[in-house]
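Subject: Structure handover

Dear colleague,

Please find the structure below. My notes on it follow.

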Amino acid sequence: MADTMAKPAGGDSARSGHSLRDRLHAWWEGYELSQGPSVSAAGAKSAAGAAPAPPPVPEWNSARQELVQMLWGKGFSIPGEADYILNLVKPFGLTKENTMLEIGAGLGGGARTVAGKIGTYVEGFDLNADLVKRANELSMMSGLEKKAAIKPFDPETLDLRANYYDAALLRETLTAIDDKATVIEKILAALKPRTSIVIADFFLPENKPGQAALAALRSENREVFPGTVDPVIATMESLDFELRVDVDETLSYAEEVRRAWASVAKRIADKPVSDDISDALMRETELWRLRNDAFEAGELQMRRIVRFKKSKVS
């Protein structure tokens with residue numbers, strides 16, 4: 001949807017007069033800060049005539065990459081560290097002889113966890129070139145460049161070998177894909193018969209986003225195409241994928257996010273941070289504050305879906 005193009009996050013809160021630590025503390029404790037000193041008529045006139053805000057920073061600059069690893073763990077760009085990943089792929093029954101497909105690999109932490117702990121080969125894909133570059137650097141540093149390789153992902157040109165993978169994991173990527181059905185079809189066709197796919201992603205409970213969901217989606221520093229889970233389920237059912245799990249995990253997901261932010265806030269309480277990290281913190285805090293508002297309003301969900309491929313997709 002066109003009106004969900006990204007806007008730079010944190011602009012208003014960054015100018016509220018409150019310190020970064022105050023904003024973080026308020027976010028994780030769940031209370032609102034005052035709007036700060038009132039603006040005089042002269043000041044308001046000056047602000048109204050101010051130059052336009054600068055364009056948004058690159059979606060995944062180095063400061064944000066550093067920050068998200070402070071939040072989610074070394075090598076991870078979204079919530080869910082090693083134990084979470086291992087539990088997520090548990091239904092696959094993976095071995096050293098298997099190859100797993102991961103869409104939404106980010107910095108590659110999940111791929112390296114599966115490759116390092118289980119020995120499975122992981123072929124990862126991500127939409128962002130900066131994350132792909134850094135993910136492969138981290139895989140090389142870990143000696144896993146052959147078993148946890150991450151590639152650029154273009155939904156329009158994605159070409160996967162049919163009946164090749166022993167499992168597929170798709171995380172927090174569908175929202176940024178317009179033609180979800182075609183991508184899902186390609187992924188499912190790439191799976192061997194009698195294997196599974198796990199999807200952990202954001203969905204809308206209704207076709208039309210509510211105000212809280214719209215605010216969260218507009219805070220994304222990228223174009224997004226939100227939707228309900230129904231078309232995804234319908235696509236998988238049409239391709240003979242049997243339902244194993246479909247659960248709303250929004251509450252546990254939001255609680256994990258809150259714990260991570262609380263930990264970061266405590267760690268930086270008495271430590272100076274660079275201007276770049278401070279800016280990344282303000283933007284990321286605003287992004288997650290708005291997402292949390294949408295979670296609490298029941299307008300945005302984190303769902304986990306597990307489907308089993310019963311037969312060969314024609």
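Does Ala82 count as buried, partly exposed or exposed? Ala82 counts as partly exposed because its relative accessibility is 26% (buried means under 20% relative accessible area, exposed over 50%, partly exposed in between, with a 1.4 Å probe and protein chains only).

Before the rest, the conventions. This is a predicted model, in which local features need pLDDT of at least 70 and side-chain atom pairs count only at pLDDT 80 or more, while totals for chains, interfaces and linings use all residues. Residues are numbered from 1 along each chain as its sequence is written, and side-chain values use heavy atoms, with hydrogens and water left out.

Surroundings of Ala82

Ala82 lies in helix α5 (residues 82–88); helices (H or I, at least four residues) and strands (E, at least two) are DSSP runs, numbered from the N terminus. Leaving aside residues up to four places away in sequence, Ala82 touches Phe76 and Thr113, where contact means heavy atoms within 4.5 Å. Gly110 is 28 residues from Ala82 in sequence, and the C-alpha atoms of the two are 6.7 Å apart.

Helices α4 and α12

The axes of α4 (residues 62–72) and α12 (residues 275–296) come within 9 Å and cross at roughly 60 degrees. Axes are lines fitted to C-alpha atoms, for helices over the stretch in contact, and angles run from 0 to 180 degrees between N-to-C directions. The angle makes α4 oblique to α12 (under 35 degrees counts as roughly parallel, over 145 as roughly antiparallel, 65 to 115 as roughly perpendicular and the rest as oblique). On the α4 side the contact is made by Ala63, Arg64, Glu66, Leu67, Val68, Leu71 and Trp72, which meet Asp276, Ile277, Ala280, Leu281, Glu284, Leu287 and Trp288 in α12.

Aromatic pairs

There are 6 aromatic pairs, counting rings of Phe, Tyr and Trp (its six-membered ring) with centres within 6.5 Å; planes under 30 degrees apart count as stacked, over 60 as edge-to-face and the rest as tilted. One of them is Tyr164 with Tyr165, edge-to-face at 4.9 Å centre to centre and 85 degrees between the planes. Tyr164 is partly exposed at 27% relative accessibility, whereas Tyr165 is buried at 2%.

Phe202 and Tyr253 are also edge-to-face, because their planes are at 85 degrees, with the ring centres 5.8 Å apart. This pair links distant parts of the chain, 51 residues apart: Phe202 is in strand β5 (residues 191–203) and Tyr253 in helix α11 (residues 250–267). Both Phe202 and Tyr253 are buried. Ring pairs join Trp72, Phe202, Tyr253, Trp288 and Phe295 into a cluster.

Regards
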